[in-house]
Amino acid sequence: MFEVQSKGSIDSLILNLKKAQSNAAVQAVVAVADEEQLAKIIRESTGVIDANSLRTWDSEDVLAVYDSLVRAHESINKLALVPESF
């Protein structure tokens, strides 16, 4: 379960992550935000969210991974291995 924090209350984000964590189908919760917000989320979630299931992902890293995936997809499409109608 991913929760993206761009602005607003960290308390609301932590509540959403806590609710998700109580769902047996959720293996981990991931907070996505900038580095400063992630530090606040980690600090404020201590003791509230199980630290073993909380993951954090810096938004700059998310964008870098997305750009890499787009480039890989474009490269693979240049090989024309999959019909366009697929």
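Author: Start with one contact. The backbone nitrogen of Asp50 lies 3.3 Å from a polar atom of the side chain of Gln21. Keep in mind that this is a predicted model.

Reader: What makes the pair of Gln21 and Asp50 a polar contact?

Author: The cut-off is 3.5 Å between N or O atoms. The atoms of Asp50 and Gln21 are 3.3 Å apart. The pair therefore counts as a polar contact.

Reader: Why is Gln21 called buried?

Author: Buried means under 20% relative accessible area. Gln21 has 19%, so it is buried. Gln21 sits in helix 1.

Reader: Which residues is Gln21 in contact with, leaving aside its neighbours within four places in sequence?

Author: Gln21 is in contact with Val29, Val48, Ile49, Asp50 and Ser53.

**Helix 1**

Reader: How do you know that the length of helix 1 agrees with its number of residues?

Author: Take 1.5 Å a residue. The 12 residues of helix 1, residues 10–21, should then span 16 Å. The end C-alpha atoms are 16 Å apart, which agrees.

Reader: Which residues of helix 1 are buried?

Author: They are Ile10, Leu13, Ile14, Leu17, Ala20 and Gln21.

Reader: What do the buried residues of helix 1 pack against?

Author: Their partners are strand 1 (2–4), strand 2 (29–33), helix 2 (35–45) and strand 3 (54–58).

Reader: What happens at the start of helix 1?

Author: Ser9 makes a polar contact there. One of its side-chain oxygens comes to within 3.1 Å of the backbone nitrogen of Asp11.

**Helix 2**

Reader: Which residues are buried in helix 2?

Author: Gln37, Leu38, Ile41 and Ser45 are buried. Looking down the axis of helix 2, its buried residues fall within an arc of 100°, so they line one face of the helix. Glu35, Glu36 and Arg43 are exposed on the other side of helix 2.

Reader: What do the buried residues of helix 2 pack against?

Author: They pack against helix 1, strand 2 and strand 3. At the start of helix 2, a side-chain oxygen of Asp34 reaches to within 3.2 Å of the backbone nitrogen of Glu36. Gly47 follows helix 2, and its phi is positive, near 85°.

**The strands**

Reader: Why is strand 2 said to be largely enclosed?

Author: Count its buried residues. Five of the five residues of strand 2 are buried, so the rest of the structure largely encloses it.

Reader: Which way do the residues of strand 2 point?

Author: Val29, Ala31 and Ala33 point one way, Val30 and Val32 the other way, and all are buried. In a regular strand, side chains alternate between the two faces of the sheet.

Reader: What makes strand 1 and strand 2 a pair?

Author: A pair needs at least two bridges. Three bridges join strand 1 to strand 2, so they pair. The two strands run parallel. Val4 has Val32 in strand 2 as its bridge partner. The chain crosses from strand 1 through helix 1 to strand 2, and this β-α-β crossover is right-handed.

Reader: How many bridges join strand 2 and strand 3?

Author: Five bridges, in the parallel sense. Here Val30 stands opposite Arg55 in strand 3. Strand 2, helix 2 and strand 3 make a right-handed β-α-β unit.

**Helix 3 and after**

Reader: How do you know that the span of helix 3 agrees with its number of residues?

Author: Its 20 residues, residues 59–78, should span 28 Å at 1.5 Å a residue. The end C-alpha atoms of helix 3 are 29 Å apart, which agrees. At the start of helix 3, a side-chain oxygen of Asp58 reaches to within 2.7 Å of the backbone nitrogen of Glu60.

Reader: Why does Ala80 count as exposed?

Author: Exposed means over 50%. Ala80 has 60% relative accessibility, so it counts as exposed. Ala80 lies in the segment after helix 3. Its phi is near 55°, a positive value in a residue other than glycine.

Reader: Is Leu81 buried or exposed?

Author: Its relative accessible area is 65%, so Leu81 is exposed. Leu81 is also in the segment after helix 3. The C-alpha atoms of Leu81 and Val4 are separated by 35 Å, and the two residues are 77 residues apart along the chain.

Key
Residues are numbered from 1 along each chain as its sequence is written. This is a predicted model: local features need pLDDT of at least 70, side-chain atom pairs count only at pLDDT 80 or more; totals for chains, interfaces and linings use all residues. Side-chain values use heavy atoms; hydrogens and water are left out. Helices (H or I, at least four residues) and strands (E, at least two) are DSSP runs, numbered from the N terminus. The expected span of a helix is 1.5 Å times one less than its number of residues. Buried means under 20% relative accessible area, exposed over 50%, partly exposed in between (1.4 Å probe, protein chains only). Contact means heavy atoms within 4.5 Å. A polar contact is a pair of N or O atoms within 3.5 Å; within protein, one must be able to donate a hydrogen and the other to accept it, and residues adjacent in sequence count only if both atoms are side-chain atoms. The arc is that of the directions from the helix axis to the C-beta atoms. A crossover is right-handed if, with the strands pointing away from the viewer, the path from the first strand over the helix to the second runs clockwise.
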